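Subject: Structure for you to look at

Hello,

Here is the structure I said I would pass on.

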Amino acid sequence: MDLLRLLVHLDAARLSPRPWLTALWWRVLGKRVRSRAQLAPLLSASPRAYRLWLRGETTPGVIDVHDCPKIFAVVGNGRGRAKTIESATSEGLLVLDASCGTDQKELGHDGPQWLIWLEAGDVLEPRAGAAYRAAAASTNAQVIYADDDELDARGCRARPHFKPEWNLELLRHHDYVTGAGIVRVDPDELRQAIAQGTVANLVAKTAGGASPSEVVRLPYVFHHRCIRPEPRITARPASFDNREPKVGAPKVSVIVPTRNRVDLLRVCIDGLARTNYPSMEVIVVDNGSDHPTALEYLAMLDPNRFQVMREDGSFNFSRLNNRAAELATGELLCLLNNDIEVLASDWLEIMARQAMRPEVGAVGARLLYPDGRIQHAGVVLGICGGAAHAHRLLRPDEEGYFRRHALPQFVSAVTAACLVVRREKFEAVGGLDEESFAVAFNDVDLCMRLNRRGWQSLYEPRATLVHHESVSRGLDRDPVGAARLAGELEALKARWGTGDMDRQVDPFHHPQLSRYSERFAIRLNG
């Protein structure tokens, strides 16, 4: 082990001694996957982790081809502007500045031109210009963007931003393109923006109007920046009463599977009673409760508000929800675990509002453990060969990975512990798979089938609830449960390719982020 790698490990041991020792113990026991999963976020937290990553950094082998389109650059005012202009010029960009001998006449009037906005002080990675020109020449894209990092006070590179593939919902809350990508703009609009000093706004507007087929991501760190746009955590989405034209809130059928554990169910039902939503039916699916207290509680529920459906047999989460969905009369379905605790009364309206969007499939909430740490903030595919809850164990007020856990965004999947989806979309893909995913990964599989139909999963953190995870059912530590879980994991790998550790499985993750951590940790070997 070389010195820098040793220092990264020592940082991890100093910052989190017990988890670091646990990771080493798992390795001693031969549990290498578990060890790497424990170690990845610890190593990534080291202030030297990015320096270690940079030693193995690779950039694409790009050959600048002839007849590539021109790329015009506009550089903001401020300290370091001359350095930025020099960097852009050396990369073959045409800086629209009188001092560079390039004026607006070169823009012409013959159609859109490629434009990049650069903040004063920013520097381009060598060959970035060639990579952009090659990409622009080989696609019909309107937007091409790349990864970036920051230059600290000493000019050293830090805080890399390894970006997802196109995620328009995330872009609405965090502009990760302006200043780190090129867009095609109308020359006259550009001239007007230059005159008004609104070029950055023009880039952001153009990027926000692009469709996924018009966007190319270059997964390389091509930009070294002094200033980056900060994430913006916005207020809740508009309520149904404020929509134009005005539309009433669609009826929601809330499905709550349960078995005994009246202590958990009562908290869940009380939360539904406090939920501020005008049109809601609740179907409680009783999976063989036999405790007298539970049976008494179920019998006492108001039949005008709560429908109790008996479904005996072994626990099959998919079957329980599918049977209840057949009885549901709502336009929307809400799958809700019985160990969910409602915090704010507007959670369902927030989720329903998003689920009614035509391009959206399943909507998932942010779920917290009882101690306040994050249990679910979307699902990442491919983690340890399966799927995992993103940003797990972070606290909501922590920075995390560019505040991703706090921003609405498209994701590959969300948990069915609290999931809202239009009933017609649920039925169109056949509901949950009762055969292959009786207990685990049924939500991931459902979301992936919805995604495939063009109904993208969405994570909505402005709806936040508490999840007492698996309390009512327990964990799969017995031999039968472990064998079933292993079979469901293999089914997930076979159907969705999550076991391929050599490629990026999740479009909203990144090849340079560890496949052994749901915390968006830098990918380090060892």
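Helices (H or I, at least four residues) and strands (E, at least two) are taken from DSSP runs and numbered from the N terminus. The model is predicted, so local features need pLDDT of at least 70 and side-chain atom pairs count only at pLDDT 80 or more, while totals for chains, interfaces and linings use all residues. Residues are numbered from 1 along each chain as its sequence is written, and side-chain values use heavy atoms, with hydrogens and water left out.

Two single residues

Asn 322 belongs to helix α12, which covers residues 317–327. Its relative accessibility is 8%, so Asn 322 counts as buried. In these notes, buried means under 20% relative accessible area, exposed means over 50%, and partly exposed is in between (1.4 Å probe, protein chains only). Apart from neighbours within four places in sequence, Asn 322 is in contact with Phe 426, Gly 431, Leu 432 and Glu 434; contact means heavy atoms within 4.5 Å.

Thr 258 is part of strand β9 (residues 252–258). Thr 258 is buried too, because its relative accessible area is 5%. The side chains of Thr 258 and Asn 338 make a polar contact at 3.0 Å. A polar contact is a pair of N or O atoms within 3.5 Å; within protein, one must be able to donate a hydrogen and the other to accept it, and residues adjacent in sequence count only if both atoms are side-chain atoms. Not counting residues up to four places away in sequence, Thr 258 touches Asn 338 and also Leu 265, Val 284, Val 285, Asp 286, Asn 287 and Ser 289.

Cysteines

How many disulfides are there? The count is zero, where a disulfide is a pair of cysteine sulfur atoms within 2.5 Å. Cys 384 has its closest cysteine sulfur in Cys 447, 20 Å away, which is too far for a bond. For Cys 447 the closest cysteine sulfur is in Cys 418, and 12 Å is also too far. Cys 384 is partly exposed, at 30% relative accessible area, whereas Cys 447 is buried, at 0%.

Empty space

Rolling a probe the size of a water molecule over the atoms shows where empty space is left. On a 1 Å grid over the protein atoms alone, a cavity is a set of points where a 1.4 Å probe fits but cannot get out; a pocket is an open set with protein on both sides within 12 Å along at least five of seven lines; lining residues have an atom within 4 Å of a point. Points are joined across faces, edges and corners, and a volume is the space filled by probe spheres set on them.

The whole structure has three cavities of 30 Å³ or more. The largest cavity has a volume of about 80 Å³. Its lining has 14 residues, and nearest its centre are Val 380, Arg 404, Gln 409, Val 411 and Phe 520. Strands β16 (379–381) and β18 (409–411) each supply at least two lining residues, and β18 gives the largest share, three.

The second largest cavity has a volume of about 60 Å³. Among the residues that line it are His 161, His 174, Arg 228 and Glu 399.

The second largest pocket holds about 350 Å³ of space. It is lined by 16 residues, and the closest to its centre are Trp 166, Pro 212, Phe 410, Gln 456 and Phe 508.

Regards
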